[in-house]
Amino acid sequence: MSKTMQQSDKTVPQSGKPVLQLENLSKTYTLGKRDVLALSNLNLTVNAGEFVAIMGPSGSGKTTLLNVIGCIDKPTKGKVLLDGINASELPENQLYKIRRDKMGFVFQTFNLLPYLNARENVELPMEGRGKSKKEQTQKAKALLAMVGLSGREEHRPQRLSAGEQQRVAIARALANNPAIILADEPTGNLDTQNKQGIIKLLANLNVTQGTTIIMVTHDGEAAHHTERMLLLRDGKIVKEKQGSHAMKKNHTCPSCGAPIKLSDDKCPSCQKPIYSNDEAF
Amino acid sequence: MGMLNRAVRNISRRKTRALLVIIALGFALSIMISIPAGVLANQKTANTVSSSLSNVINQTGATINQTLTQIDCSLASSNSGFGFTPPSGGSSGFTPPSGGSSGFTPPSGGSSGFTPGQFGGGTVRGQFGGGAFGGGQASPMNESLYNDINTTISGIASVEPILQASEGNNVTRNLDFNGYTRTITTLDVTYEIEGVPLTADLVDNYPILPTNITAGSNLQAGDSGDVLLSENNSAYFGVGVGDSVSILGQSFTVVGIYSPSSVSETQTLYMSLSDAQAVTNNTGYITSFVVFAQNSGDVSSVASAISALHPELTVTTAQDRESTLSTEESGYTTALASANASDSKTYSTAIEEIVVVVLATSLIVLFVMLYTVKERTKEIGTLKAIGFSNSTVMGQFMLEGILLSVIAGVVGIAIGSIAAPTISSLLLPSVSGTTRFGGLAVASLTPELVLLGFGVAILLGTLGSLYPAWRAAKIRPAEAMRYE
C-alpha cells in the first residue's frame with residue numbers, strides 16, 4: 001500500500017485494481033427498541049476507474065452504504081478497504097484525512113458554502129494539506145475550467161445556476177485528487193438539461209481523468225449512463241447490470257454493436273443516441 | 001481562505017443579528033469595565049472623605065488634649081445694650097459697646113474699619129479659636145489686669161495675654177429683629193492680627209502658635225518684627241517666606257506660612273504681642289488672656305478662683321469646651337464609619353453586578369453561538385465530509401465567538417470611556433459625606449481597565465463558545481446529506 005497512498009497527488013489508482021472492497025459488511029441501527037438491519041452481509045469490489053450507480057427503493061440501505069464507504073458511518077460488522085486501507089478500524093482523528101485525501105463528496109443539494117465564491121469553495125478541501133495559497137488558487141481555477149466554469153471563479157453560489165453550482169461541487173470533490181468520487185443523488189435537484197450535463201461531465205471525468213465514481217441515484221436514466229448498475233434491496237446487492245457507459249468505454253454501440261468513439265453522442269451507424277432513455281431495471 | 005477570513009465573513013453574513021449581539025455584548029462589557037472604574041472612584045472618594053475625617057478627628061482630639069489645662073478669660077460681653085441675644089457660635093461684626101474699657105483708641109490714620117477686639121472672645125486655638133467665629137465679643141482690657149491673678153491664685157502654670165484685632169472694611173446695613181430695625185455696622189474682614197507673647201516659656205510649652213507650618217519656620221521666642229501668615233494671608237498680601245509685608249503701615253518679615261487647622265484661623269496672622277500692640281496703637285492693652293493650669297485637675301478650682309477675683313471676666317474652661325468637642329468628634333467618627341461602610345457596600349454591590357453581567361454575557365455568546373451552530377448544521381456536516389477535522393471545526397466556531405466578543409469589547413470600551421461615570425453612578429451606591437469632606441472622584445477608564453475589558457471579552461467569548469463549538473465538532477458529517 002501503496003505508493004498511491006504516499007503519492008496521493010498522483011492519486012488516481014491504476015485502472016483495473018480494486019480501489020474499494022467491502023467484505024461481509026453489516027450495519028444495524030437501533031431505532032427506538034427495534035434493531036433495523038440497514039446493510040446485511042454485503043460484498044462489493046469497485047475497481048479503479050469504474051463508474052458505478054447504486055440504485056434501490058427508499059429504505060434499501062443506499063445512503064447507509066454510501067456513508068459507510070465515505071467513512072462517515074462505521075459498519076457494525078465487516079471491512080471497508082479503501083485503496084488497501086482498512087478504514088473501518090480507523091479512529092475519527094484519522095478518518096477525516098481519508099475523507100479529505102481519498103474521497104470527494106458530491107451532494108444532492110450541492111452544499112456549497114454560500115459566503116465563499118466558487119474558487120474559494122473549491123480551495124476548501126486543500127486547506128491543511130501544506131499547499132501554498134497560490135497553488136490552491138491555481139488548482140481551483142484549473143478544476144473550475146475542467147468542469148466548464150472558466151470566468152465564473154469569483155461568483156458566489158447564489159449567482160450561479162443549479163447546474164453550475166453542482167459543477168463547482170464536483171470541482172471541489174476533485175480538489176485533492178481523490179481515489180473515489182461519492183455522489184449522493186447528484187442530479188436529484190436539477191432539471192433535465194442540467195441533469196444530462198452533470199451526467200456527461202461525470203462520465204467525461206471518468207473517461208478522461210480515470211476518476212472512480214460511485215453514484216447513488218433514484219434516477220434510472222442517470223444510472224443507465226453509468227458503467228455498472230447495482231440494485232440494492234434490504235441491505236443487499238440483489239442485481240447488477242452493465243450501463244451504456246460500459247459499452248462506450250468498450251468503443252461499442254450499445255444499440256447495434258458497431259464501433260464508436262468515446263466522443264460520439266450518437267452511433268455513427270445506427271444513429272441512436274449512445275446514452276439511451278431505457279429504464280435501467 | 002483562512003479560518004479568520006471565514007469567521008469574519010460568517011459574522012458579516014448576518015449583519016442585523018451580529019449588530020444586535022455586538023451592541024448587547026458591548027453594553028454588558030461596558031458595564032463590566034465601568035463598575036471597577038466606579039469602585040476605584042468610590043474608593044478614592046471614600047479615602048478622601050475618611051482621611052479628611054481622620055484629620056478632623058485627630059485635630060479635634062489634639063485640641064482637646066492641648067486645651068485641657070487652658071482657661072480662657074475675657075471681659076464679659078455686654079450685649080444687653082442691643083436688646084437681643086446674639087446668635088450662638090459667634091456674632092461677628094457687632095460693634096463693641098461704646099464706652100468700653102478705658103484707654104482704647106483706634107489707631108489714628110489707620111486703615112478703614114480697624115477695630116481691635118471686635119472679634120475677640122474665645123481664644124481657643126484650633127476648631128473653636130478666636131477670630132470671626134469666636135464666642136462672643138470681648139472688650140479691650142488693661143494688660144495689668146491679670147497681674148494679680150498670677151500672684152494670688154495658686155495652681156497656675158502660665159498666663160498668655162493676647163491681643164486680637166481685625167482689619168477690614170466697615171459695612172453698614174439695616175437688620176430687622178422682630179419688627180425693630182437697627183442699623184448696624186459690620187466688618188468685612190480682610191485679615192486678623194493675633195499678638196501673642198513670644199516668651200521662651202510660652203512658645204516652648206504651650207499651644208500658643210499654629211503647628212502646621214507649610215513654608216519657612218514658626219515664630220521663635222523673642223522674635224520681633226516677624227510675622228507668621230496663614231495661607232490665605234499669604235495669598236491676600238501676595239508675599240512668601242522672607243518677603244516683607246506692610247501691616248497697618250509697618251513693615252514685617254514673613255518667617256513662615258501655616259495651614260490653618262480650622263476655618264476660624266484662615267485669616268489670622270501671628271506676631272509678638274508687643275508688635276501687635278504697637279502696630280494697632282494699643283500699647284498696654286489686650287483683648288483676652290489664657291491661663292494655663294498646672295494640671296488638668298486644677299482647672300476648675302483655678303477657674304472659680306479667677307471668677308471670684310474678677311467677676312467681670314468671662315471664664316471658659318477646657319471642660320466646657322471638651323463636651324462640645326467630644327460631641328463634634330463622635331459625629332465625625334460616625335461619618336467616618338458610614339464612609340467606610342459605603343465603601344464596603346460598593347464592593348459587595350460591584351461583585352454581585354459583575355457576576356450577573358458575566359453570566360449574562362456568557363449566556364448571550366452561548367445562545368447566539370448555539371443558534372449559529374444549529375443553523376449551520378448542514379454547512380458543518382459538509383465541511384467535515386470534505387475533510388475538516390473536529391478540531392478545525394471547533395476552532396472555527398470558537399474563533400467566531402471570540403471575534404464577536406472582541407468586536408463587542410471594542411464597542412464596550414468605547415461606550416465605557418464615555419459613559420463610565422453615568423453607568424457606575426447608576427449601578428453603585430454613592431459614598432456618604434462627600435459634600436463636607438472631600439470631593440467626589442469621577443469614574444474613568446484606566447489603561448488597565450481597557451486591557452481588562454479586552455481580556456474579559458476574549459475570556460467570555462471563549463467560555464461562551466466552548467460548548468457550541470464542541471457541539472459543532474460533534475455534528476456527524478452524514479448530516480450534510482440529510483439536513484435541509
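A: We may begin with the contacts within one chain. In this predicted model, 65% of the contacts in chain A with a separation of 6 or more are between residues 24 or more positions apart.

Q: How many helices and strands does chain A have?

A: Chain A has nine helices and 10 strands. Of its 281 residues, 48% count as buried.

Q: How are two packed helices described?

A: In general, one gives the angle between their axes and the distance between the axes. Here, helix 6 (residues 162–173) of chain A packs with helix 7 (residues 192–208) of chain A at an angle of about 20 degrees, and their axes are 9 Å apart. Angles under 35 degrees count as roughly parallel, and helix 6 and helix 7 of chain A are therefore roughly parallel to each other. Their crossing is right-handed.

Q: Which residues make the contact of helix 6 of chain A with helix 7 of chain A?

A: Helix 6 of chain A contributes A:A162, A:G163, A:Q166, A:R167 and A:I170, while helix 7 of chain A contributes A:N194, A:G197, A:I198 and A:L201. By class, this contact has four nonpolar, four polar and one charged residues.

Q: How is the size of an interface often given?

A: It is often given as the accessible area lost when the parts come together.

Key:
Residues numbered from 1 in each chain as written. Chains lettered and ligands numbered in written order. Predicted model: local features only at pLDDT ≥ 70, side-chain atom pairs only at ≥ 80, totals over all residues. Helix = DSSP H or I, 4+ residues; strand = E, 2+ residues; numbered from the N terminus. Buried ≥ 20, exposed ≤ 12 C-beta atoms within 10 Å, placed from the backbone. Contact = placed C-beta atoms within 7 Å. Axes fitted to C-alpha atoms, helices over the stretch in contact; angles between N-to-C directions. Parallel < 35°, antiparallel > 145°, perpendicular 65-115°, else oblique. Left-handed = near helix turned anticlockwise from the far one by under 90°. Nonpolar A, V, L, I, M, F, W, Y, C, P; charged D, E, K, R; others polar.
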